Amino acid sequence: MNLRGKFITFEGSEGSGKSTHIQRLVRRLHAAGAETFVTREPGGTALGEEIRHLLLHHRSAIMSPETELLLFAAARAQLVREHILPALQSGQVVVCDRFLDSTTVYQGAARRLAAESVAAINHFAVGECRPDLTLVLDVPVEVSQSRVRTRGDGKADRIEREDGDFFRRVREGYLALAQAEPHRLAVFDSTRPPDEVESAIWKTLHERLA
Ligand code: Z5A
């Protein structure tokens, strides 16, 4: 399988297993001889990490949805130009923990900003840089919240403090997106044991990107 210059993103609710499966996928990619560039959103650049701090941990919890949308887009615009495009051009496989679809789902479906505005800002931020494959890890809200509670330090960030309805809209948003773009997005039941999910992801990579 030749994955040179392919762009793979992971999406899903918090605690859905993105970090876990990025590590597992990267291990497999390296064993298969691929060079990888792994990054995350928001963040991945010096500027992006500062924006991440503003978005998730700023002392003042007051932030309008419009401001939030623009900050996520600003961090992404920097990441695309500083790292993602150069890495793809040099033939690396880029694996990103969240990308454009997070904004469509969190700021669009969950915050209920107008879909056309979100799409326009997304397009401005990334241009034509789109993932070749997006792996959506799906878990019910209760599972996601219980995993985060078990793992966490008890300090929820600004977005984690949203209520159950917000996270139900997030989950539904991802499932709707996967229905709308079945060739790019693949959904995995991430309540299954991690080894099973890992094998399913690897199989999908072969089927979709070979
Ligand atoms: N956000 C946004 O609103 N708009 C945007 O455009 C972007 C982001 C880009 C970033 O949070 C927040 O920003 C996020 C969306 C918003 N907010 N929320 N909520 P983050 O980067 O700090 O965290 P996260 O992306 O939400 O993910 P996470 O909390 O780090 O979780 P994860 O990486 O998906 O899960 P994990 O750490 O791999 O696994 C969680 C635990 O579950 C861990 O103990 C694992 O061992 C366990 N696990 C994983 N898989 C399994 C299975 N299969 N079975 C059992 N246990 C498992």
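**Exercises: cavities, pocket and ligand**

The biggest share of the largest cavity's lining comes from H1, with 4 residues. Keep in mind that this is a predicted model, where local features need pLDDT of at least 70, side-chain atom pairs count only at pLDDT 80 or more, and totals for chains, interfaces and linings use all residues. Residues are numbered from 1 along each chain as its sequence is written, and side-chain values use heavy atoms, with hydrogens and water left out.

**Exercise 1.** Work out what lines the largest cavity.

Step 1: On a 1 Å grid over the protein atoms alone, a cavity is a set of points where a 1.4 Å probe fits but cannot get out, a pocket is an open set with protein on both sides within 12 Å along at least five of seven lines, and lining residues have an atom within 4 Å of a point.

Step 2: list the residues. They are His-21, Arg-24, Leu-25, Arg-28, Glu-198, Ile-201 and Trp-202.

Step 3: The largest cavity holds about 40 Å³, a volume being the space filled by probe spheres set on the points, with points joined across faces, edges and corners.

**Exercise 2.** Find the elements that give two or more residues to the lining of the second largest cavity.

Step 1: the lining is Ser-13, Val-136, Leu-137, Asp-138, Val-139, Arg-171, Tyr-174 and Leu-175.

**Exercise 3.** Describe how the protein holds the ligand's polar atoms, and where the ligand sits.

Step 1: check polar contacts (pairs of N or O atoms within 3.5 Å; within protein, one must be able to donate a hydrogen and the other to accept it, and residues adjacent in sequence count only if both atoms are side-chain atoms). Thr-103 puts a polar side-chain atom 2.6 Å from a ligand oxygen. At Ser-190, a backbone N or O atom is 3.2 Å from a ligand nitrogen.

Step 2: look at burial. Alone, the ligand exposes 1,100 Å², and the protein buries 83% of that (accessible areas by the Shrake-Rupley method with a 1.4 Å probe; for residues, only the protein chains shown count as cover).

Step 3: locate the ligand. Its space is the largest pocket, which has about 800 Å³.

How values were computed. Sits in = over half its atoms within 2 Å of the grid points.
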